[in-house]
Amino acid sequence: MKKLVLLAALFCFLQRPAKAQVCTPMWVDTGFGINPDTILNLPPAYAGSPYDAVVQFKTPESALYYGSTINIDHVVLTGVDGLSTIPASVPFYFQCNPSGCSFQADSVGCVRIQGTPATPGTYDLIIQANVFITAVLFLPFPTPGYRIIVNNPIAIPAISQTQFDVSQNLPNPVTDNTNIYVNLPHAGKFTLRISNMVGTEVLKHEEEGMKGRNIVTVQASGFEPGIYQYKVSHDDSIITRRMVVFRR
């Protein structure tokens, strides 16, 4: 049941006609599922900035339903409640690949969500999907759990010029490049280390920094999607932050 509900939750973003190359379906994990799931959830949005996110998934062939196993023929997205309530200068919309928003069992697909939010807030979504157990017989699955959090407009955070400090990377989540701002109370060496959640170091950067704000641009296009931890050390101090890598 849980897997079927998660699958239904994924298939939310569909109502406008698809344009050429909406998104490219990719699935590198084993089995089936959704990336991101409801735990990681959708990337945050920022008021006044265009929002662009892609959800990847693989449709299962069967799932548990009230203690019994049902075979899945295909899944059809029928709507998403709550998306239209997000105040936006460009209304939110979604497109899917395959363009018909009908996903066969054991197939890979993706959905792209776009829009420009205007007002900060948390906007919960209820996904409407039909899971077909034959070519014509289906079970409706309204599924809560996904949300879009709209933050205040993006700005470079102020950092005191008299202390060692490290900003949250921007943008975050990141798909390609992101900037980390390192403030040093005096000129000297600092080291940036980025590790995945199992502790494997994926990047190490050392630099002779100047007093004040230093900018480190991280190219994350080669990182696997997921949550990463980064640490910046200077003198005897270490500051730790987290970043999310999200692949379009």
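Is K204 buried, partly exposed or exposed? K204 is partly exposed, at 46% relative accessible area; buried means under 20%, exposed over 50% and partly exposed in between, with a 1.4 Å probe and protein chains only. The model is predicted: local features need pLDDT of at least 70, side-chain atom pairs count only at pLDDT 80 or more, and totals for chains, interfaces and linings use all residues. Residues are numbered from 1 along each chain as its sequence is written, and side-chain values use heavy atoms, with hydrogens and water left out.

**View 1. The disulfide of C23 and C110.** The sulfur atoms of C23 and C110 are 2.1 Å apart and form a disulfide (a pair of cysteine sulfur atoms within 2.5 Å). The link is right-handed, with 105° about the S-S bond. C23 sits in the loop between α1 (2-10) and β1 (33-35), and C110 in strand β9 (residues 108-117), so the bond ties together parts 87 residues apart in sequence. Helices (H or I, at least four residues) and strands (E, at least two) are DSSP runs, numbered from the N terminus. Both C23 and C110 are buried.

**View 2. The disulfide of C96 and C101.** Here the S to S distance is 2.0 Å. The torsion about the S-S bond is about -90°, so this disulfide is left-handed. C96 is buried at 2% relative accessible area, and C101 is buried at 4%. The whole structure has 2 disulfides. Counting bonded cysteines along the chain, their pattern is 1-4, 2-3.

**View 3. A sheet of 4 strands.** The open sheet runs β17-β16-β19-β20, with antiparallel pairing. Strands pair if DSSP finds at least two bridges between them. β17 (201-209) and β20 (237-245) stand at the edges, each with a single partner strand, so one side of each lacks a neighbour in the sheet. Strand β19 (residues 226-234) is joined to β20 by 9 bridges. Y230 has R241 in β20 as its bridge partner.

**View 4. Salt bridges around E206.** E206 forms a salt bridge with K189, closest N and O atoms 3.6 Å apart (a side-chain nitrogen of Lys or Arg within 4 Å of a carboxyl oxygen of Asp or Glu). E206 lies in strand β17 and K189 in strand β16 (residues 188-196), so the pair ties together parts 17 residues apart in sequence. E206 also meets K204 in a salt bridge, at 3.7 Å from N to O. Shared partners join K189, K204 and E206 into one network. E206 is partly exposed at 41%, as is K189 at 44%.
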